[in-house]
Amino acid sequence: MNTFAVVLAGLMMAGSAFAQTVRIGIVNTFSGPQASFGEMTDRAFKLYLKLHDKELPPGVKVRMISRDDGGPNPDKAKQLAQDLIVRDKVNLLAGVVFTPNAMAVAPLTQEAKVPLVITNAGTSVITTRSPYLVRTSFTLWQSSYPLGQWAAKKFRKAYTLVSDYGPGHDAEEAFIRGFKQGRGEVVGTVRVPLQNPDFAPYLQRVKDARPDALMVFIPAGRTATAVMKTFGELGLDKAGVKLIGPGDITTDEELPNMGEVALGVLTVHHYSAAATRPANKAFVAAWKEEYGADSTPNFVAVGAWDGMDMMLQAIKAQKGKLDPGETMEMFKNYRNPNSPRGPISIDPATRDIVQNEYLREVRKVGGQLANVELETVATALKDPWKELNKK
């Protein structure tokens with residue numbers, strides 16, 4: 001038995017001592033180029049708890065303990081999760097932006113029997129790595145596969161450009177599969193470095209290939225803005241290349257930084273801050289009241305918001321005394337017909353989110369750029385990768 005397991009066994013025997021304070025350990029990215037992921041997650045968690053902590057049973061409190069992995073760093077993420085389990089005695093883990101980090105943490109959740117609510121990392125295979133994982137965010141297959149199916153009806157030739165790591169590979173494979181099913185032709189593919197890529201030579205190659213559409217997946221935030229601006233500077237839009245992708249490339253809070261080149265970009269995604277659903281209007285209004293009129297929640301925020309809702313339901317049902325097995329059963333049967341993104345549930349067989357996917361276009365609304373939902377391209381969509389492999 002390793003040292004971690006020995007310490008863990010002792011902690012489990014003393015578990016009742018901290019049952020009434022539910023500790024949620026958060027491993028997330030709060031620094032580096034993707035620091036906005038951590039900020040959005042943190043704000044959503046805190047806002048949800050502020051608005052709903054009065055629903056907790058008498059004497060039950062929730063304490064969040066956050067740790068910064070600094071970006072795609074699996075060794076650090078694993079160490080942070082281990083410290084949260086052993087030293088901080090957390091009942092639940094949550095967060096995780098990057099797939100390599102989620103894969104590194106997964107074995108610990110099974111060994112320690114500590115459920116992990118993934119609120120971002122989107123590679124399909126992640127939830128197969130431990131029965132104590134559940135995801136309230138998305139998979140790249142959920143957006144990229146229906147995007148490919150839709151694009152095949154509009155474009156004859158497409159090129160793909162993705163970040164060279166798990167989610168990028170998923171986005172590429174899913175789009176190509178959907179696009180080719182519709183008899184579209186993929187004229188080129190390229191994978192770019194995850195950290196600090198220079199997009200100009202790659203996009204020049206795309207321009208020279210003269211596709212009808214370019215499908216891009218890049219992690220949301222400043223990296224997506226960089227590829228958008230380079231796309232405009234090289235004149236791909238003027239050359240007749242339509243920019244499309246999953247919603248990460250036009251994430252809501254980055255649109256003001258992208259400028260006019262983002263206008264007309266088409267994406268498929270599960271959330272837009274501009275959606276007119278009553279639940280979303282209430283969510284966005286509460287967010288702006290708390291964090292300022294210039295702050296806009298994005299898909300990272302809604303994944304965390306729904307993740308905290310799911311955790312709070314389990315905490316309430318068990319009156320703060322969480323049993324890992326019972327908690328996971330509640331997670332697997334979670335559903336919310338009024339999420340800001342529309343009706344959602346968890347697929348009990350895969351522990352993945354089931355949700356709608358919307359075709360969106362960047363337009364000006366009230367003088368501001370917004371992802372306007374045009375139609376629902378998939379309803380109550382399970383992770384297509386798992387569904388296709390199951391068949």
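## Salt bridges

In this predicted model, the side chains of Lys 364 and Glu 260 meet in a salt bridge with an N to O distance of 3.1 Å, the term standing for a side-chain nitrogen of Lys or Arg within 4 Å of a carboxyl oxygen of Asp or Glu. Lys 364 lies in strand 13 (residues 352-365) and Glu 260 in the loop between helix 9 (255-258) and strand 10 (266-269), so the pair ties together parts that are 104 residues apart in sequence. Helices (H or I, at least four residues) and strands (E, at least two) are DSSP runs, numbered from the N terminus. Lys 364 is partly exposed, its relative accessible area being 48%; on this scale buried means under 20% relative accessible area, exposed over 50%, and partly exposed in between (1.4 Å probe, protein chains only).

The count of salt bridges comes to 16. Among them, Glu 329 pairs with Lys 332, with the closest N and O atoms 2.9 Å apart; these two residues are three apart in helix 12 (residues 324-332), a separation of about one helical turn, and Glu 329 is partly exposed at 42% relative accessible area. Arg 87 forms a salt bridge with Asp 88, where the closest N and O atoms are 3.9 Å apart, and Asp 88 counts as buried at 14% relative accessibility. A network of salt bridges links Arg 135, Asp 352, Asp 383 and Lys 386.

## Aromatic pairs

Twelve aromatic pairs are found in a search of the whole structure, where rings of Phe, Tyr and Trp (its six-membered ring) pair if their centres lie within 6.5 Å, and planes under 30 degrees apart count as stacked, over 60 as edge-to-face and the rest as tilted. One of these pairs, Trp 141 with Tyr 145, is tilted, at 5.8 Å centre to centre and with 40° between the planes. Both residues belong to helix 5 (residues 140-151), four residues and about one helical turn apart; Trp 141 is buried at 1% relative accessibility, and Tyr 145 is buried at 11%.

The ring centres of Phe 175 and Phe 179 are 5.3 Å apart and their planes are at 15°, so this pair is stacked. Phe 175 and Phe 179 lie four residues apart in helix 6 (residues 166-181), about one turn of the helix, and both are buried. Elsewhere, ring pairs join Tyr 48, Tyr 271, Phe 283, Trp 287, Tyr 291 and Trp 305 into a cluster.

## Basis of the values

Because the model is predicted, local features need pLDDT of at least 70 and side-chain atom pairs count only at pLDDT 80 or more, whereas totals for chains, interfaces and linings use all residues. Residues are numbered from 1 along each chain as its sequence is written, and side-chain values use heavy atoms, with hydrogens and water left out.
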